[in-house]
Amino acid sequence: MRIVVDLNRCQGYAQCVYLAHEVFRLSGQEALTYEPNPDDERLLQVERAAAACPVQAIVIDRLDGAKRGEAS
Amino acid sequence: MVEETPWQQALRYANRANPYPFYEELRKTPVARQPDGTYVVSTYREIVTLLHDPRVSSDPRKCPAPAAAQAEGAVEAEAEPISEAVVSLEPNIITQDPPEHDRDRRMMTPHFVGPPRSPHLISDLEPEIRRIVAGLLDDMRGKTRIDAVDDFAYPLPVTVICKVLGVPLEDESRFHRWIETALDALDFGPEAASEEMQNRLAGGRRAVAEFGQFAADLLDRYARQPGPGMLSAMVNEDGPEGHMSKGVLASNALLLIFAGHETTVNLIAHSVLTLLRHPDALEKLRRRPELIVPGVEELLRFESSVQFWHTRSAVEDIDIAGTTIPKGAPIFLAYGSANRDPERFTDPDELDLERRDNQHLGFSQGIHFCFGAPLARLEVQIAVGEFVRRVRNPRLVEDPPPYRHNQIFRGPRHVLVDIDGIRD
Amino acid sequence: MTLRATVAELVHEFRANGRIVIVGASLAGLRAAEALREEGFTGSLTIIGDEPYEPYDRPPLSKQVLKGWVPADHTKLPRMREVDAQWRLGVAAIGLDRVTKRVRLADGEQVPYDRLLIATGTRARQWPNPTEAALQGVHTIRSRDDAAQLQKALAEPPSRVLVIGAGFIGSEVASVCRELGLPVTVVERGSAPLVGALGGVIGEIAARMQRDHGVDLRCGLGVSSLEGDSGGHVRRVHLSDGTAVDADVVVASLGSIRNVEWLEGAGLAAGFWGVGCDAGGRAFDINGVVTDSIYVAGDVARAPHVLYEYQFLAMEHWDNAVFGAEVAAHNMVNLEPHYRPHLLLPGFWSGQFGVNIKSVGVPPFGDQIVFTQGSIEECRFAAAYGHRGRIVAAVAFDHGKWLEYYGKLIEHSGPFPPPPVGWDQPADTKPMPAEFPDPRVPTAIPDVVLTGHDPSERTAEFRPRRH
């Protein structure tokens, strides 16, 4: 699974950290870091986190691998 | 008699079940001055702007009694509502500004919701919540009619919040009565002046005082003999930022006991009600249980548990939406209206469990973003998800159902549902 | 047939069967490709990238990747939709012929286009002495491979890391080193960390943060040379004050270089600050005349900005890549009057030493700064930058929830100093000089730069100091 957090939008509400703490972490009170390509088994957690984000800053990949169509 | 403003009409008890037509009227003036000098903000963009504006205070102590109100001889009863009784307690995080707000919230966070110190606190509660929900649904076996409020929405949050905080569940009937009394006494609308509301007000103030004493006694007990839960931990632990005074801690305890279940009860009750009113959505959720995650966000938007908030005021003149909110004026932010603002949400009066870009204000935004949001989400996702999965053929008995009096914490008093049974 | 109908037909035909080439397969290139398909472009789409990897996200590289939490190859960007493109990865574009409308590739192939998007971004500036730069243990950080190598070196662990340059990347590297418990020395030619981006007043606070976290921070100094051992591994760093520091990992964070060399001879307004384009992403030629078929997006673009006196703005910002790409893509398949402008209020973030640093606007456009909220002591505050009585930027340390207030003030050209806040006022609320260094000081290049009014301007040169 692939995700990206728009950290310009992120205001450090940490809702994602409560819901998927293996994927999202806080450094200090507000600085968010995360695993951009978490295991697929975390999908439900990550979807919960994305839905809960008060500023809707979490983007989840909508394609499966075959449709990405990379040459490499 | 002077014609009532859309806001005053929205606040009338007769309109509690459906305030939305009045909100629609209200939004034509995004920032609307009321006869008592209060400024009601009803549009999404303006509310978000003010939630991030450091010239807005959340501390009612900083808001002088609205001079305009007296000048224009507006409703006198407004001068001393039940919220004054809450103010007479020590401040809590919802009525504080930075830096005190930020510090106290930092001190409370690790004990309640977790990060950064203990991020798994909430998810650890999931098995317990599932067990409680399963028990409540099991108890409905053999019944043909249930009350989705008393039999389902109420018992879950109250049990969970008592466990998290360390409040003895056997005291539930006492504080439940205090909360009900206080809530029924609070009125911001034209009916506040009625004799009945005036009588309720005195009872409400007494209830808040007794509730405060209850919290203080509980903290004393935990100071002598530590026990389980957040309150004991906070009384007895000294964090890196020091110690919260007993008065402030008691006030926050009150806030958490109250907010920790009252709003969740209303959200669960409204969710059941709303789904029963939208059979297509209910059926969709039954077929695709994973939709409960975005679905709860939509239900938060659709019937917001906190319809507005009333303790903010302008610390400086604020120019917004063609209006100047003068220094000192009280500001009411009408979340329930913003969440139905067509400028922000496409077809806002439609229920869409898969709504995209659903950046609702059901938990507010900014530094006062709902402290208990992660717990509320988990409880409601499990409760509503399981209700939909297990209850056979639920039918609404009465529509609209009777509503409770309170305008801020808007919710049905009962939601009677006829059912054909309970699945395993 | 009327002329109007003919043009409409042409646009229709181009959307259906045109050929678009995107040079650059990173964030801007990917989002542009997705936006083109979203706009209904069904013609052929080719994406050329010099790295062998599909598009990945760079901000995590200097943070969670270096720390060892996230592997470097776990940074692949999510896709918003299918792009159905031909990907030419691992092969660089080396030339552009505007007459025959072809992009020349390093493997000799020529790729024809009807419309071209330049999104080649930047690369890390290497340590200027090639022999010293080739020593083992000397790193830069820009790409996935860079990050993987540096992470491995930090995990060894080294006896000391020396970071040259205390911009955002250098400071983030130093922060990770301290989190990993590694001794680290930071050498900064300017007066303090982050001075180029945020000025000397904020730089002082950043300096204190670094020292409080155990960084051996040395400002106002340059690095004169890197000394290797007989095995070709860096062991010692000589500083401009004659002292030396023993270190076995050296990270050169000297800013970035725009990837414009491949455009040499193409006659575009390409130079030190990137490729000049209009606010709609259309490239200027060297005479300042706008082209019709070439567009620019991302770090390599510089475009006039209405909020900053129409000076050309060069932004190495994440959201500039995203929105710039979307705007360029839209304009590539639409006609006047349906062009869209790229009117982004610049925004930036950096996590370091447990503090979330965010900015909006263009801080170096300001010459004054005023603290508006919070406590400098506790490293949690907001401050505004002003220029001629109006607010032009703001910075927040662990105050991200308040930043959009300042963003709105900037967008409306609000007054400077801004109106007082109602609570949590800092001890000193008087405006003071922001203390930005001369933008031509090489290691002080900020992440967003005002580059004057001339589309082909070349206002600064890198002249490494030799001792």
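## Where chain A meets chain B

In this predicted model, the contact between chain A and chain B draws on 16 residues from chain A and 19 residues from chain B. On the chain A side, two elements each give two or more residues: helix 1 (15-19) and helix 2 (43-52). Sorted by class, the side of chain A that touches chain B has ten nonpolar, four polar and two charged residues.

## Where chain C meets chain A

Chain A also has a contact with chain C, where 27 residues of chain A are in contact with 31 residues of chain C. Several elements of chain C supply at least two residues each to this side: strand 3 (86-89), helix 7 (318-332), strand 24 (347-352) and strand 25 (355-361). Strand 24 of chain C gives the most, with three residues.

What kinds of residue make up the side of chain C that touches chain A? They divide into twelve nonpolar, eight polar and eleven charged.

## A pair of helices inside chain B

Now for a look within chain B. The axes of helix 9 (residues 155-165) and helix 13 (residues 246-277) of chain B come within 9 Å and cross at roughly 155°. Because of that angle, helix 9 of chain B is roughly antiparallel to helix 13 of chain B. The crossing of helix 9 of chain B past helix 13 of chain B is right-handed.

From helix 9 of chain B, the residues taking part are P157(B), V158(B), I161(B) and L165(B). They meet A253(B), L256(B), I257(B), G260(B), H261(B), T264(B) and V265(B) in helix 13 of chain B. The residues of this contact comprise eight nonpolar, three polar and no charged.

Terms used: Residues are numbered from 1 along each chain as its sequence is written. Chains are lettered from A and ligands numbered from 1 in the order in which they are written. This is a predicted model: local features need pLDDT of at least 70, side-chain atom pairs count only at pLDDT 80 or more; totals for chains, interfaces and linings use all residues. Axes are lines fitted to C-alpha atoms, for helices over the stretch in contact, and angles run from 0 to 180 degrees between N-to-C directions. Helices (H or I, at least four residues) and strands (E, at least two) are DSSP runs, numbered from the N terminus. Angles under 35 degrees count as roughly parallel, over 145 as roughly antiparallel, 65 to 115 as roughly perpendicular and the rest as oblique. A crossing is left-handed if the near helix is turned anticlockwise from the far one by less than a right angle, and right-handed if clockwise. Two residues are in contact if their C-beta atoms, placed from the backbone, lie within 7 Å. Ala, Val, Leu, Ile, Met, Phe, Trp, Tyr, Cys and Pro count as nonpolar, Asp, Glu, Lys and Arg as charged, and the others, Gly among them, as polar.
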